[in-house]
Amino acid sequence: MSLKSERRGIHVDQSELLCKKGCGYYGNPAWQGFCSKCWREEYHKARQKQIQEDWELAERLQREEEEAFASSQSNQGAQSLTFSKFEEKKTNEKTRKVTTVKKFFSASSRVGSKKAEIQEAKAPSPSINRQTSIETDRVSKEFIEFLKTFHKTGQEIYKQTKLFMEGMHYKRDLSIEEQSECTQDFYQSVAERMQTRGKVPPERVEKIMDQIEKYIMTRLYKYVFCPETTDDEKKDLAIQKRIRALHWVTPQMLCVPVNEEIPEVSDMVVKAITDIIEMDSKRVPRDKLACITKCSKHIFNAIKITKNEPASADDFLPTLIYIVLKGNPPRLQSNIQYITRFCNPSRLMTGEDGYYFTNLCCAVAFIEKLDAQSLNLSQEDFDRYMSGQTSPRKQESENWSPDACLGVKQMYKNLDLLSQLNERQERVMNEAKKLEKDLIDWTDGIAREVQDIVEKYPLEIKPPSQPLAAIDSENVENDKLPPPLQPQVYAG
Amino acid sequence: MAQAHRTPGPRAVSGQPFVFKLVLLGSGSVGKSSLALQYVKNDFKSILPTVGCAFFTKVVNVGASSLKFEIWDTAGQEKYHSVCHLYFRGTNAALLVYDVTRKDSFHKAQQWLKDLEKEVHLGDVVVMLVGNKTDLSEEREVTFEEGKEFAESQSLLFMETSAKLNHQVSEVFSAVAQELLQREVREAQAPQGDAAMVLNEGPTWQAKCCAH
């Protein structure tokens, strides 16, 4: 062996070539002197340890960082990985892991000043199984950016909000009413503090409150929207079933002052339905309210176009009921409950949003209680419609089929229009042909006429009969002229 | 349905000071909307609603202080009566409107009062009985005295108006505003004597800091 190495001229001790662990195999400097087998074992151990450390560190840092300046991408990566996943992907994860950790460090160093503050409030929390979505991160970031503009007050608010969020984490087992109560108390205390201590002007308080609501509710949404501890879901299904059972209700029965025959109006109706359905996709109570308000505005427009005058509440509520019946918005009760429990109360009781929300509550309550009388129907008719035995449309007239659905109606209308167009087209074609014929006839006629005239009066060029010089000689009327004046001499 | 957590005072949690919510109650076609529309229209400063006539806001000056009215119109048809209690949540004032030419609307107004009583503590809410359509005097079915008598028996404010002729319309609202402010002052005085002074001097929302 040594001979061989000498021959090659490399001064390496035999022991150095062997695996450091002494397993008898050759080692490799690339594996820190281990053989491939030992290296793998060693490496795993170290990695395991490091992963654990990293994970703990990452979690700690991430908590702080997220609450300060969250970088959405890096958070995303770290949060979604659980420990078991780390074990599975040990080998190919190394680079990614390292960069993630690096990001944590760089991010947290940026917020060094904030960290001290955070530390004191930090609870010895167990590892929270937080599944933060991109949206949550974005909202957190926005919230922090927003608070930055308020300097000291912003910091104060941030601290309070953070404390509240931590508190809420432990209150997750409480009933939803208690959680709601906590949230409402929080809104009130923050707003009051801002006004009294921070001397923030009211309109700014409102703005900040909106941001706070957005931040906390985006994060709490998952836990407090339609929670399992309540019967919200049951109610959702109940109202959904109820609305489905009422599919036969016509605008006439509800005295809805909306004429969907007018294209603009039916457009508005569709928009209103879209808005009310969209409500379910929003997380923040205020955004949900905004959907209701948008829907209401479309309803008002629809009524205005139909009636040619601004709508009053007498017109609005029936139309809203009709829209809810037509749209059957998903998780309606859950949404209403969620808004009631977690919206900033000042927004709910007063203001335009509050007004439309109250109307929606009225509409839902009405649909729940709806009976024969409220639709001006006899009890028998109502029961028959509800049981699905008959449909009012079928009874009304034989030509129900075109009325059956909007699409079919539109199709009939279009067909009608097409046939009309066809007719017109034919007429135009006929007229055009006639015009063409007329034109040809006319040119022919002119040509003929010209020909006739040419034939009738052929053109002859005669030579001049007399010379021009004799013009006076033949002046026959010369003698008719008075005699020329003679000069006369008068005596004197 | 949605449960009422609490009734925030007019100087509610955040922002806008002295906002008073006022609901318009009464059976169909007694002129609730016209009354509100007429009132809001009078004021060249306020922006008229472009699409709907169901929700209005208007700033009113009463003496040195000013307040903001939020007027909530309600659907008056009989069939919606059962759900209308939802409108009452957090209200500060209510106008019970009836048509002087229709006795039934007067009875209906009394029923509204009962409903209102169920939902809110009447002592907290300023209620005014309003007999509308006085321009149709020859068709009158409810006399001024009848209205007045009922209002007094229930300790309500009372007025007769004509939304069509714009008679007494703004008076109705100013009377309510005045009453609301007086109550505010009384309340503010109770816990702390000088709150009322602040109320009359500075921007109204400052009163809040003292009162709480």
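**View 1. The interface of chain B and chain A buries about 4,200 Å².** Carbon and sulfur atoms give 63% of this area; buried area is the accessible area (1.4 Å probe) that two parts lose on being put together, summed over both. The size of an interface is often given as the accessible area lost when the parts come together. The model is predicted: local features need pLDDT of at least 70, side-chain atom pairs count only at pLDDT 80 or more, and totals for chains, interfaces and linings use all residues. Residues are numbered from 1 along each chain as its sequence is written, chains are lettered from A and ligands numbered from 1 in the order in which they are written, and side-chain values use heavy atoms, with hydrogens and water left out. Chain A brings 56 residues to the contact and chain B 41 residues, where contact means heavy atoms within 4.5 Å.

**View 2. B:K32 and A:D314 form a salt bridge.** Their closest N and O atoms are 3.9 Å apart. The rule finds 1 salt bridge across the interface of chain B and chain A, defined as a side-chain nitrogen of Lys or Arg within 4 Å of a carboxyl oxygen of Asp or Glu. The elements of chain B that give two or more residues to the side touching chain A are α1 (32–42), β2 (52–53), β4 (65–73) and α6 (206–211). Helices (H or I, at least four residues) and strands (E, at least two) are DSSP runs, numbered from the N terminus. The largest share, 3 residues, comes from β4(B).

**View 3. Strand β5 (residues 93–99) of chain B is largely enclosed by the rest of the structure, because 7 of its 7 residues are buried.** Buried means under 20% relative accessible area (1.4 Å probe, protein chains only). In a regular strand the side chains alternate between the two faces of the sheet. On one side of β5(B) lie B:A93, B:L95, B:V97 and B:D99, and on the other B:A94, B:L96 and B:Y98, all of them buried.

**View 4. β5(B) pairs with β1(B) and with β6(B).** Strand β1 (residues 19–25) runs parallel to β5(B) and is joined to it by 4 bridges; two strands pair if DSSP finds at least two bridges between them. With strand β6 (residues 126–132), β5(B) pairs in the parallel sense over 7 bridges. B:A93 stands opposite B:L22 and also opposite B:V126 in β6(B).

Note on methods. Buried means under 20% relative accessible area, exposed over 50%, partly exposed in between (1.4 Å probe, protein chains only).
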